[in-house]
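User: Please take a close look at the aromatic side chains in this model and at the nonpolar core around them. I would like the geometric criteria stated as you go.

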Amino acid sequence: MEIIASAPGKTILFGEHAVVYGEPAIAGAVNKRATIRLKEASDVSIFKSNDLGFEAELDTVAKRYRLKKGKPGIIKYILEILHKCHDHSPIELDLSLDIPIGSGLGSSAAVTVATLAALFKYQGKKFNKSFIAKKAHEIENNVQGMASPLDTRVSTFGGLIYLSKDKKISKFDTNLKSSFVIGYTSKRGNTGRMVKSVKSLKNRHPMVVTPIIKTIGKITDEAKIAIIKKQEFKLGELMNINQGLLDSLGVNTNELSRMVYLARKAGASGSKITGAGGGGSIIACCPRNQDRVFKALSYHDNAIKVNFSNRGVFVKEIR
Ligand SMILES: Nc1ncnc2c1ncn2[C@@H]1O[C@H](COP(=O)(O)OP(=O)(O)O)[C@@H](O)[C@H]1O
Ligand SMILES: C[C@@](O)(CCOP(=O)(O)O)CC(=O)O
Ligand SMILES: [Mg+2]
């Protein structure tokens with residue numbers, strides 16, 4: 001018997017970093033996914049991925065791995081899941097990933113959500129999406145040191161969502177008239193590191209940084225109305241203001257800034273970092289000229305035309 005589980009990556013339109021401090025956020029699942037194939041193994045647990053070029057044997061009791069090929073990294077999420085949620089009987093996990101890793105597109109959340117869904121199904125456990133989202137958030141939080149429930153919720157439920165201050169999600173209509181383009185370089189970010197650096201900036205300057213975080217929350221609430229009323233110019237302006245505040249939190253880089261301004265020059269109504277920053281991606285709102293912005297960003301970097309995906313995690317069994 002083999003289990004296959006698949007979960008989407010995401011892009012954050014408004015509120016990254018501020019959401020870690022309880023502010024609202026808006027994010028959408030994208031149709032780029034992490035897929036886990038899981039089956040029984042004969043001896044030790046194995047984790048491999050052709051897409052990432054790695055293979056490792058896992059000792060889930062000692063929370064250690066022996067790397068046979070490739071780089072570690074995402075393996076920490078898998079180890080934490082096996083440690084917390086599995087009885088240590090040997091299994092083989094195979095990961096296919098078409099989400100660029102460390103690019104602010106939520107590969108860590110998608111891998112976590114897909115692995116949990118596959119494992120629960122394998123164990124014959126009764127579970128629903130709320131349970132997966134809750135466990136996935138715990139895992140991201142443990143591995144990263146600090147994490148909001150945003151990425152794991154979007155990956156679990158799919159769609160374009162608003163996460164409120166009291167951690168409730170509501171879905172927008174994904175047939176948004178606005179179109180978006182994501183641009184990313186090969187320079188990766190590391191979410192855990194960026195979240196920690198914002199925290200230490202906040203600790204050093206609480207009176208300055210706390211209001212910035214609260215203002216990002218206010219921008220998100222304005223953006224929610226702009227999305228519902230389909231006010232694309234306003235949405236773009238709000239993205240630009242959000243970008244200025246993300247820069248002030250120290251998560252911008254030369255490359256991200258270059259792409260942000262390139263997108264605006266190519267006609268985007270607004271553009272900003274998406275995800276943790278420090279490398280990774282930007283997102284541009286392009287109501288009328290998606291092709292032009294896509295072409296401009298593709299010239300030196302990589303670009304994706306965003307298609308929000310309503311499909312969250314799903315799991316199936318093959319006999
Ligand atoms: N080539 C790689 N192979 C395996 N893991 C990697 C590789 N590059 C980065 N990682 C790890 O993948 C994870 C990416 O998660 P994160 O930093 O949250 O970014 P995102 O979720 O936006 O993709 C990090 O734990 C990082 O250490
Ligand atoms: C910076 C943050 O708001 C989003 C991180 O997203 P990503 O891992 O860069 O895709 C952190 C979080 O919400 O846990
Ligand atoms: Mg992540």
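Analyst: Searching the whole structure, which is a predicted model, gives four aromatic pairs, where rings of Phe, Tyr and Trp (its six-membered ring) pair if their centres lie within 6.5 Å, and planes under 30 degrees apart count as stacked, over 60 as edge-to-face and the rest as tilted. One of them joins Phe-47 and Phe-54, whose rings are edge-to-face at 5.2 Å centre to centre with 75 degrees between the planes. Phe-47 is buried at a relative accessible area of 0%, and Phe-54 is buried at 3%; here buried means under 20% relative accessible area, exposed over 50% and partly exposed in between, with a 1.4 Å probe and protein chains only. The pair of Phe-120 and Phe-127 is tilted, because the ring centres are 5.7 Å apart and the planes stand at 50 degrees. Phe-120 is buried, with 1% relative accessibility, whereas Phe-127 is partly exposed at 26%. Together with Phe-131, Phe-120 and Phe-127 make up one aromatic cluster.

As to the sources, local features need pLDDT of at least 70 and side-chain atom pairs count only at pLDDT 80 or more, while totals for chains, interfaces and linings use all residues. Side-chain values use heavy atoms, with hydrogens and water left out, and residues are numbered from 1 along each chain as its sequence is written, with chains lettered from A and ligands numbered from 1 in the order in which they are written.

Turning to the core, a nonpolar core is a set of buried Ala, Val, Leu, Ile, Met, Phe, Trp, Tyr and Cys residues joined through side-chain atoms within 4.5 Å. The largest one has 87 residues, and Phe-47 is among those that touch the most other members, a group that also includes Leu-13, Phe-14 and Phe-180. Helix α2 (residues 107-122) gives this core its largest share, ten residues, helices being DSSP runs of H or I with at least four residues, numbered from the N terminus. The core lies between domain 1 (2-171 + 309-318) and domain 2 (179-306), because both give residues to it; the domain bounds come from an automatic or database domain assignment.

Leaving out residues up to four places away in sequence, Phe-47 touches Phe-54, Glu-55, Ala-56, Leu-58, Ile-74, Ile-75, Ile-78, Leu-93 and Leu-95, with contact meaning heavy atoms within 4.5 Å. A second, separate core has nine residues, including Ala-25 and Ile-161.

Notes:
Helices (H or I, at least four residues) and strands (E, at least two) are DSSP runs, numbered from the N terminus.
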